[in-house]
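Student: Hi, could you walk me through this one? I have a few quick questions.
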Amino acid sequence: MEEDLIATQKEVTVTPSDMSKYEGDEDPEFEAQVSGLADGDSEELISYTMTRSPGEEPGEYPIGVNFNKSQGNYTVTFKGTAVKKIGSKAFMGINKKAKIKYAKAVKKKKAVLKR
């Protein structure tokens with residue numbers, strides 16, 4: 001009796017890591033985790049590229065993953081939306097004067113953050 005064997009692709013998921021930077025700095029290297037690989041297989045088997053929406057003003061920017069759904073023995077999916085938070089160095093307390101002024105306001109319990 002003959003039987004046909006049917007091999008199905010295993011599903012793997014690419015999940016980008018949340019990232020942050022300060023306004024005016026270069027983008028950090030994008031990172032992601034690949035989950036669901038068969039034992040002994042490396043993340044390097046899964047090919048993808050990552051990009052973010054353009055913009056440099058403080059705020060949130062979606063990070064996207066581009067990939068082929070079918071890759072060898074795997075079916076690739078994308079999970080979640082990572083966000084790049086770009087903050088102003090002065091607003092984030094990097095500016096020494098702003099940091100000291102904020103610390104004094106907190107001591108007086110009258111801290112009001114304004115944009």
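Student: Let's start with a serine: is S17 buried or exposed?
Tutor: This is a predicted model, and in it S17 counts as buried because its relative accessibility is 15%, under the 20% cut-off.

Student: Where is S17 found?
Tutor: S17 is in the loop between β1 (10-16) and β2 (19-22).

Student: And which side chain does S17 join in a polar contact?
Tutor: The side chain of Q33, at 2.9 Å.

Student: What share of the residues is buried?
Tutor: Of the 115 residues in the protein, 24% are buried. The accessible surface is about 9,100 Å², and carbon and sulfur atoms account for 50% of that surface.

Student: Which residues make up the largest nonpolar core?
Tutor: There are 12 residues in that core: V12, V14, M19, A32, V34, L37, I46, M50, I63, V65, Y74 and V76. Two or more residues come from each of β1, β3 (32-35), β5 (59-67) and β7 (74-78). As background, nonpolar side chains tend to be buried together in soluble globular proteins.

Student: Y74 is in that list. What does Y74 touch, leaving out residues up to four places away in sequence?
Tutor: With those left out, Y74 touches Q9, K10, V12, G36, L37, A38, D41, L45, I46 and K69. Among them, V12, L37 and I46 also belong to the core.

Student: Now another tyrosine, Y48. Where is its place?
Tutor: Y48 sits in strand β4 (residues 48-52). With a relative accessible area of 24%, Y48 is partly exposed, so it is not under the 20% that buried requires.

Student: Last one: of the contacts between residues at least 6 apart in sequence, what share joins residues at least 24 apart?
Tutor: In this protein, 56% of those contacts do.

Note on methods:
Residues are numbered from 1 along each chain as its sequence is written. This is a predicted model: local features need pLDDT of at least 70, side-chain atom pairs count only at pLDDT 80 or more; totals for chains, interfaces and linings use all residues. Side-chain values use heavy atoms; hydrogens and water are left out. Helices (H or I, at least four residues) and strands (E, at least two) are DSSP runs, numbered from the N terminus. Buried means under 20% relative accessible area, exposed over 50%, partly exposed in between (1.4 Å probe, protein chains only). A polar contact is a pair of N or O atoms within 3.5 Å; within protein, one must be able to donate a hydrogen and the other to accept it, and residues adjacent in sequence count only if both atoms are side-chain atoms. Contact means heavy atoms within 4.5 Å. Accessible areas come from the Shrake-Rupley method with a 1.4 Å probe; for residues, only the protein chains shown count as cover. A nonpolar core is a set of buried Ala, Val, Leu, Ile, Met, Phe, Trp, Tyr and Cys residues joined through side-chain atoms within 4.5 Å.
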